[in-house]
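Here is a short report for a reader new to this protein. Look at the sequence and the model first.

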Amino acid sequence: MNISTMSTLLIISSQVGFLFFILAYFDRNLRNTTYILFSLSGTLCYLFLYQLVNVMTTGILWIFMCLLLVYFDEEIYTALFYGSLTILLYIFADYLFTVITSEFFDFQFNIIAVFYSFSIIYFLLAIFFHHFINRIIMRKKVFIRVASIGTSLTFLLYFSIIVMERFSFLKKYLLDMHSFFIVIYGVLSAIICMYIVFIKKTEYENKEEKNQIKYLIKYSEQIEKNYTEIRKFRHDYKNILISLEDYIENEDIEDLKEYFYDNIKDTAGFFEKDIFEMAAIGNLKIREIKSIVLSKLYLAYEQGVKVEINISEEIRKVSVPPIHLIRMLGIILDNAIEESQMVEDPKIMFTVLSVNDAYLFIIANKCREALPKLHVLRERGFSTKGKNRGLGLANLDELVRLTNNVYLETKIEQNQFIQIITISEV
């Protein structure tokens, strides 16, 4: 074996050893003695097979690396992802190094300088992707699966092209393979993007369901509070009747008058707490929608806002996901309550109408004269309440865009901020 061959084998073994090092860095097995022994064995096997099958050894190395990780982690998707990413980063670093040296340097590097320079680039890429992986991909199994499929198919397609380039009898298929690579990669990228969008949509819906539960719990607590107040009044009312009976039996009219005006007349205000026209709100038969409306409007009443509800006919179903409508109404009513704290004699009106195969949810509240323009209010991040709090109307617009049959109209008329959600039932 001549010196040139030995130098080539030494460089190859160093490169393969560095691949195993990066793989261990990704999978956190740098201090695993058994892993190190397997890596050394794999490097020696690679050197032996490289002299027999040349480029095909890269495919064997990929299989060995994936099996090695399966042995230690027992997770096929993680193994495929790390094994494929390790080799793909190596290929990318090789191309990057070639571009840098050809564009910015006029002299030739010796083989040792090439190896060390390339290794630095490769390691820096590995550090960057390791940070990205831990922060985003490894947090959810679905991302790991998508990433493993994408990286594995990319490696296999790229490896197939390299094999065709090395063997002359396969070169006639090379052009078709490049086209196939582009088509497959394009389709794969589209599928991955759609899958990620689906996952994000599912996460959003789960988040909204949690919000719905939170609203229902809050509403239940308020109902319980009202019930407690009623029970307390019923108890006091019995005592009031007993005291009245004593005055009447003794025909003590003067003291009865004094007792009535001083102690009883003011209790009439209690009955005014029945702020909601129950017949009207009773027409809203969609339980979760009714819950959020009652919860928000009762909160407004407790803060001194006059509340009016108008629902002329029964509404049992709307052709929009309830969770979307809950979120939209929640944002509008929250904004109405907050704005009501800025004006005198605040009032919120909640109206539902059925007009020409469509339901109109109308929320109107008294607002300030100096309220900013509508296009300003809709800007993400804008708020009259402080920095980074103005996400309501921007989120509302996004929710409206999620459904094709929902339309939102916002207007300001005579110090009234009016928002109309139109849900087409056709």
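**Overview**

This is a predicted model, in which local features need pLDDT of at least 70, side-chain atom pairs count only at pLDDT 80 or more, and totals for chains, interfaces and linings use all residues. Residues are numbered from 1 along each chain as its sequence is written, and side-chain values use heavy atoms, with hydrogens and water left out.

The protein has 14 helices and 5 strands. Helices (H or I, at least four residues) and strands (E, at least two) are DSSP runs, numbered from the N terminus. The protein has 426 residues, and 39% of them count as buried. Buried means under 20% relative accessible area, exposed over 50%, and partly exposed in between, with a 1.4 Å probe and protein chains only. Contact means heavy atoms within 4.5 Å. Among contacts between residues at least 6 apart in sequence, 68% join residues at least 24 apart.

**Two cores**

A nonpolar core is a set of buried Ala, Val, Leu, Ile, Met, Phe, Trp, Tyr and Cys residues joined through side-chain atoms within 4.5 Å. The largest one has 43 residues. F20, F26, Y35, L61, Y82 and Y122 have the most contacts inside it. At least two of its residues come from each of α1 (3-27), α2 (33-53), α3 (56-73), α4 (76-104), α5 (111-135) and α6 (141-166). Another core, of 40 residues, lies apart from it and includes V293, I315, I331 and F350.

Leaving aside neighbours within four places in sequence, F26 is in contact with Y82, L85, T86, L89, A126, H130 and I133.

I22 is found in helix α1. I22 counts as buried because its relative accessibility is 0%. With neighbours within four places in sequence left aside, I22 is in contact with T86, Y122, F123 and A126. I22 and F123 are 101 residues apart along the chain, yet their C-alpha atoms are separated by 7.4 Å.

**Helix pairs**

Axes are lines fitted to C-alpha atoms, for helices over the stretch in contact, and angles run from 0 to 180 degrees between N-to-C directions.

| Helix pair | Axes come within | Crossing angle |
|---|---|---|
| α2 and α3 | 9 Å | roughly 165 degrees |
| α3 and α4 | 8 Å | roughly 140 degrees |
| α11 (residues 287-302) and α12 (residues 322-340) | 9 Å | roughly 10 degrees |

Angles under 35 degrees count as roughly parallel, over 145 as roughly antiparallel, 65 to 115 as roughly perpendicular and the rest as oblique. So α2 is roughly antiparallel to α3. By contrast, α3 is oblique to α4, and α11 is roughly parallel to α12.

The α2 and α3 crossing is right-handed. The crossing of α3 and α4 is right-handed too. A crossing is right-handed if the near helix is turned clockwise from the far one by less than a right angle, and left-handed if anticlockwise.

What kinds of residues make these contacts? Ala, Val, Leu, Ile, Met, Phe, Trp, Tyr, Cys and Pro count as nonpolar, Asp, Glu, Lys and Arg as charged, and the others, Gly among them, as polar. Between α2 and α3 there are 14 nonpolar, 5 polar and no charged residues. Between α3 and α4 there are 10 nonpolar, 5 polar and no charged residues. The contact of α11 with α12 has 12 nonpolar, 1 polar and 3 charged residues. Its residues include E288 and K296 of α11, and D334 of α12.

**Around the strands**

Y359 is found in strand β3 (residues 358-366). Y359 counts as buried, since its relative accessibility is 14%. Not counting residues up to four places away in sequence, Y359 touches E314, I315, K317, V318, L353, S354, I421, T422, I423 and E425. Y359 and I423 are 64 residues apart in sequence but 5.2 Å apart in space, C-alpha to C-alpha.

D357 sits in the loop between β2 (347-354) and β3. D357 is not a glycine, although its phi is positive, at about 60 degrees. At 55% relative accessibility, D357 counts as exposed.

Q414 lies in the loop between β4 (406-413) and β5 (416-424). Phi of Q414 is also positive, near 50 degrees, in a residue other than glycine. Q414 is exposed, with a relative accessible area of 80%.
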